Each structure stands twice: as structure tokens, then as C-alpha cells.
Amino acid sequence: MKNTTIRQKLGAAAAAVLLAATAACGGSDTAGSTGSTSSTGTSAVATSFTTPAETHADSNDGDYTAEGATTITLSDGDTTVTGDGASVTGDVVTITTAGTYIVSGTLTDGQIVVNSTGDGKVKIVLDGVDITSASTSPMVVTEADEAVVILADGSSNTVADAAASASDDDDEDAPTATLFSMADLTIAGTGTLKVAGNSNDGISSKDGLAILSGTIDVTATDDGIRGKDYLVVEDGTIDVTSGGDGLKSDNETDGETGMVQIDGGTVTLAAGDDGIDAFGAVNVADGTLTVTKSQEGLEAALITIAGGAVDVTAEDDGLNATNGETAGGGEEAQDGVLLTISGGTVHVTVVTGDGIDSNGTATITGGTTVVEAVSAGGGGTGAIDVNGSFPITGGQLVALGGLSSAPATDSTTGWVAATLTTPAEAGQVVAVVASDDTVVARYVVPVSTSSILVAVDGMTAGESYDLFVGDADGTTGLTTGGTTSGMTAAGSATAGEFTGGMGGGRGGGPGAGGGQRMGGPGDDATADS
């Protein structure tokens, strides 16, 4: 029986995307779009969303018994094999049949190769292993029905290659990662694995890759962890530092486009390029995902955050939904591109790009989302930039910095977008107050800003709201209630209306910022213009 948790969550994510696509396409009013007002259909989304009925992994893949297993003790020039299915030539161990292999010891310049042509899983239990190769990948699966790497309880394991290992990376099906597999690969167990990809990638499967558990630390010159068809993290603690993408899935085959899904665990990424990059979809169902460094945080045609805690820091775009093509005029909505937040907590910090950037449509139906554009000013660089429709039908949203677009007028959750007449300094609170003096939202800003968008229950489109700035008095984050005693009036705004090109990033004054997507410079443009 396959892993029902993975299968069920994939199905739930697919359903969420289709429902979100229906909602996103339901209204024709699109605040902040100068291109197509609604060009993303559910059929386009359905065909581009990667939803395998099941992964290759079984929930018990990490289980094994030492009885009847083959033991391999590594030692330079003196490796021994006890049992069947494996042989040694010099410092290269070759496994040729399915079964369980318990490996321990050290090779300073050696390799484990799996070349199993028959049916059945090859389970490699790493129980205190340290393997380095000076010329190629130290662990390679050239052929297997499935390969499972199990991290034995209490064990510490290390695999590393050298920069010289990159010499054959241009060859077809060359082992381009320190732990490389041509077959479906699963990593499980409760031990630790440290991977040093000094020539290219850290861990890579040319098929599917599932991580069920374990503590995994990867450093890589290029991509950290890569699964061509899909990369699913079910649980575990994963830390990746990479020169390229942190996590990646790049299958471009129609109907099988690459997918990265986080179902649980704790994932921390510091990437020289994208934190997570998938050709098809990035899904977060649960767990904790932290991108501490990236050019673009999460990038895929379909991005769905349904739960968990997501914290993304990016130089360019934070959440970037795109099909990888340049839209005509740069602002037309791309078919099959959708960003959905339906649950969990999402925090995005960007330096020069857009916090939420969808070249198609976007929708928020639940959860709490905070976007901080540190240096933002509209014109395609700011907290939010959505080419198509952007309805909000649930959840909460706070966006600081310039806005290139705003939520749709038919959003069932009310929203206010305002340029503060008195900028809020870092650590101060911005309060949104209804005409009856009810404080419908209070947010403590971590960076200085003169622009804010707030969407919460309790706001009504067409009604005026006053904004105040003052001391936080010990509060943090997004709250409701309280008073405005001692606070400074900072303007007012009408819910559901947007002045295009709202500027005011860090240190900006009222109206500071760049170009405008809606209306001409200085023109007021409401959401239904």
C-alpha cells in the first residue's frame, strides 16, 4: 500500500487549486491589471497542475531488519561484504540485487554503485558512513526498481565529492550529484546525513524523490536537492545551502511537469538562485518552510500554500507564479498560472522585487499572509503584482510597500490600500479604524513604510476607514481591537478602492515610489476603473 498521506494531500492540493481557479476566474473586475482581466481558465490550470495519484514511496520504507541483511564494512583497500548481492572491486562497492544492505565505515576515495536490474527495492542502511570520491559521485544508483537510503537510528553519515567530479557532468545521464539516482529514490530513517556537493548538485533523482524522515544537511555548488518528476518532503529536518536552487523539480513533459511538495517537517533553504523552483507546481501542505536567502523565493506555474508556516526572504520576487515566458507587454495574464494561499501563515520579505508576483491570477482564501517590500515603489516592484484577477475570499493579508496591483473589487473579504500621511517607523503600529471607532486591524510594522494594504474580516467595500500610527505598546504582529489613544492620524481610505502605483517603501514619504499600473501619474484609479 502506497503512502496514503502523500497521496491524499496531493489530491487535496489539486482540489484546492481547481476551486481557487474557479474563484479567481469568477469575477471580471481586476484591480491592478492593465492586461487581460481574466484569462486563466480552470481547464488550463487542471492540465498544468502535477497531481500524481501516488508517489513511489511507502510509509514503511524506513523499516528494515538486520536479520538476513547483507553487511558492508567500508575501509580503504580492505572493504568486506558479508552476505549476497554485493561485490567489491578496489574501493568500489557494487550492489546488483534487491534487498537490504547495512553499510558502515569509511572510504577516502571510493564509491557505492547500485546496478540492480530485477524487481524489488534496494535498501541501503547508512550506519556510520563517511564516503568521499575525488573523481565522481560517491553514491550512484544507475538502475533499480526503487532505491531507499535509510539513515540508521543514532547514526551520523557523510558523503562528499570533489570539484573534479564535474568533469563528466555534460555526459548523458552522468551522475551530477553527490547522491545520484536514475531510479525513484526515497530517504528515510532517524539518523543524520551530511551531503557536500562540491562539483554540482547535492542530492538528485532523475525520477521521483521522496524524503520521509531524517536529518539532512546539504551544501551544493549548484542545486541542493532535486527530483526530476517530483520532490516530496513528508517529514524530517532539512537544511540546504546552495549556489543554485535549494529544492528543484524540472520535468517539462506535458501532464508530468515537475512538482515540489512540502507535507511536513522543517525545511530551511539558503539559495543563490530560487529557494524552490518547479516547472509545474510548488505546494506547501504543512510543516515549516524557511527561505533565508534567495533571488526568488518560490517559483512555479502553480504555487499553493494550504497550511504550515512559510517564511521567505528574497532579493527579487518572493512568491513568483509564472510559466517562464514573457507575457505580451509584460502585463497580460498567463494561462495556467495561479498563486493560491488557502491556509497557514505566510511571511514574505523582498528587497527589490515583488512580494506576491503572479503572471496569471492569484487568490487568498484563508490563512494569514504578510508581505514586506523593503525597497518598493510600484511599477512592477512592490508588495503585490498580479497580472490577472486577485480575489480575496477569506484569511488575512497585510502588505507593506508599494503596490502594483490590488485585490479584486468582488473580493468577499474587505480591504483598504492607503498611503500614510505620517509614515510608520519600524516597531510602530498602524491601526485601521471604522467610522464607529472600532479598530478592525492593528499591525506592528517591522520596517519603515508609508504604504499599507490590509484585508481582514469586518471591512466593508465602499466605507471609509481612518488610519493611525503610534507606539506598539508591547503588541506584535496582526491583531484587532484596542484604541487609538495617543496615536497620530495618518489619513483615510475607502475600502475596495486603489490609487494606482501606490509608492512608499522603506523610508519613503507620502506618495513616494515609482510608476503606476492603474491610471496615469497622479490620477486616482478605483478598483473598478
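I began with β25 and strand β28 (residues 309-314), which pair in the parallel sense over four bridges. This is a predicted model.

I then turned to the pairing of β25 (residues 288-293) with strand β22 (residues 266-271). These two strands also run parallel, and I noted five bridges between them. Here Val-291 of β25 stands opposite Leu-269.

Next I checked the overall make-up of the chain. I found two helices and 42 strands. Of the 529 residues, 56% are buried. The accessible surface is about 18200 Å², and carbon and sulfur atoms hold 45% of that area. I also looked at contacts with a separation of 6 or more: 61% of them join residues 24 or more positions apart.

Nonpolar cores came next. The largest has 84 residues, and the members that touch the most others are Ile-203, Ile-225, Leu-247 and Leu-319. Strand β7 (residues 121-132) gives the most to this core, contributing five residues. I also noted a second, separate core of 25 residues, with Val-370, Val-469, Ala-493 and Ala-495 among them.

I went back to Ile-203 and listed its contacts, leaving out residues up to four places away in sequence. Among them are Ala-177, Leu-179, Leu-185, Ile-187, Val-195 and Leu-209. The list also includes Ile-216, Val-218, Gly-224, Ile-225 and Arg-226.

I looked up an open sheet as well. Five strands form it in the order β41-β38-β37-β40-β42, with antiparallel pairing. Which strands stand at its edges? I found β41 (478-479) and β42 (488-494) there. Each has a single partner strand, so one side of each is left without a neighbour in the sheet. For β42, I checked the pairing with strand β40 (residues 464-471), which is antiparallel over five bridges. One position I noted is Ser-464, with Thr-494 of β42 as its bridge partner.

My last entry is on Glu-331, which I placed in the loop between β29 (319-321) and β30 (338-341). Is Glu-331 buried, partly exposed or exposed? Its relative accessibility is 28%, so I count Glu-331 as partly exposed, since buried means under 20% and exposed over 50%. I also checked Glu-331 against Asn-359, which is 28 residues away along the chain. The C-alpha atoms of these two residues are separated by 7.3 Å.

Definitions and conventions: Residues numbered from 1 in each chain as written. Predicted model: local features only at pLDDT ≥ 70, side-chain atom pairs only at ≥ 80, totals over all residues. Heavy atoms only, no water. Pairing = 2+ DSSP bridges. Core = buried A, V, L, I, M, F, W, Y, C linked by side-chain atoms within 4.5 Å. Buried < 20%, exposed > 50% of the residue type's maximum accessible area, 1.4 Å probe, protein only. Contact = heavy atoms within 4.5 Å. Areas by Shrake-Rupley, 256 points an atom, 1.4 Å probe, with all protein chains shown as cover.
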